[in-house]
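Here is a friendly note to read alongside the model. Please keep the viewer open as you go through the points.

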Amino acid sequence: MLADLNVKEFLNKTASNEPVPGGGSIAALSGGIAAALTEMVANLTVGKKKYVEVEEEMKEIAKKAEEFRTEFVLDIDRDSDAFNEVMDAFKLPKETDEDKAKRREAIQAGSKSASLVPLSVAKKALEIMEIIEVVVVKGNQNAVTDGAVAAMMSRTAVLSALYNVKINLGSIKDEAFVEEVSAQVEEIESKVEEVEKRILGKVVL
């Protein structure tokens, strides 16, 4: 499991000539970092007299951020598994027409999985920006820059995940699937930079 590696091991594996972990797993990791920072800012707010009015809200945000963090960690391996599914499909025999048909079908199914996993990462990374904005505005202002970094890491997670969606869509023959997913990609892209700009505009130093 990639998620079980320590930081040095993960980076060494990323730097190697192995194709995984690749950009999709890094997108998920970026989302996980964003969630962890959000959780940290919320936890640094809880218990402080100055922020007693938002304590319950921050507790709830910390809980939500933890749930996001857990999901993003799982996505690190989900993405690599989806990639491996495609690679395994390409290795299938192609001696007979039946072999070739099964191989094509497996490649298409794998490519769809390899599109949907990062699409899910992008959606979650955009969603978590809602609570990042709350911790930036209402959370412990001594940690406001950590909230800002969380916003930037979320944007990175969104855009890098969407790149992985796009490259996999190029291999998919199902036009209806490609059209539907492409529309979702465009919608997410149209929102993320605006949301990040809005959040960073609320960072008071």
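**Notes on the helices and rings**

1. Axes here are lines fitted to C-alpha atoms, for helices over the stretch in contact, and angles run from 0 to 180 degrees between N-to-C directions. Helices are DSSP runs (H or I, at least four residues), numbered from the N terminus.

2. Before going further, a word on the source: this is a predicted model, in which local features need pLDDT of at least 70 and side-chain atom pairs count only at pLDDT 80 or more, while totals for chains, interfaces and linings use all residues. Residues are numbered from 1 along each chain as its sequence is written, and side-chain values use heavy atoms, with hydrogens and water left out.

3. What is the handedness of the crossing where helix 3 passes helix 4? The crossing is left-handed (the near helix is turned anticlockwise from the far one by less than a right angle; clockwise would be right-handed). The residues of this contact divide into 21 nonpolar, 3 polar and 11 charged. In this count, Ala, Val, Leu, Ile, Met, Phe, Trp, Tyr, Cys and Pro are nonpolar, Asp, Glu, Lys and Arg are charged, and the others, Gly among them, are polar.

4. Helix 4 also meets helix 2 (residues 23-45): the two axes come within 10 Å and cross at roughly 25°. That makes helix 2 roughly parallel to helix 4. Helix 2 passes helix 4 in a left-handed crossing.

5. Now for the rings: the structure holds 1 aromatic pair. The rings of F68 and F72 have centres 6.4 Å apart and planes at 20°, so the pair is stacked (Phe, Tyr and Trp rings, the six-membered one for Trp, pair if their centres lie within 6.5 Å; planes under 30 degrees apart are stacked, over 60 edge-to-face and the rest tilted). Both residues lie in helix 3, 4 residues apart, about one turn of the helix.

6. Are F68 and F72 buried or exposed? F68 is buried at 13% relative accessible area, and F72 is buried at 0% (buried is under 20%, exposed over 50%, partly exposed in between; 1.4 Å probe, protein chains only).

7. K124 lies over the face of F72, 5.8 Å from the ring centre (NZ of Lys or CZ of Arg must be within 6 Å of the centre and within 35 degrees of the ring normal). The charged end of K112 sits over the ring of F177, 5.1 Å from its centre.

Key. Helices (H or I, at least four residues) and strands (E, at least two) are DSSP runs, numbered from the N terminus. Angles under 35 degrees count as roughly parallel, over 145 as roughly antiparallel, 65 to 115 as roughly perpendicular and the rest as oblique.
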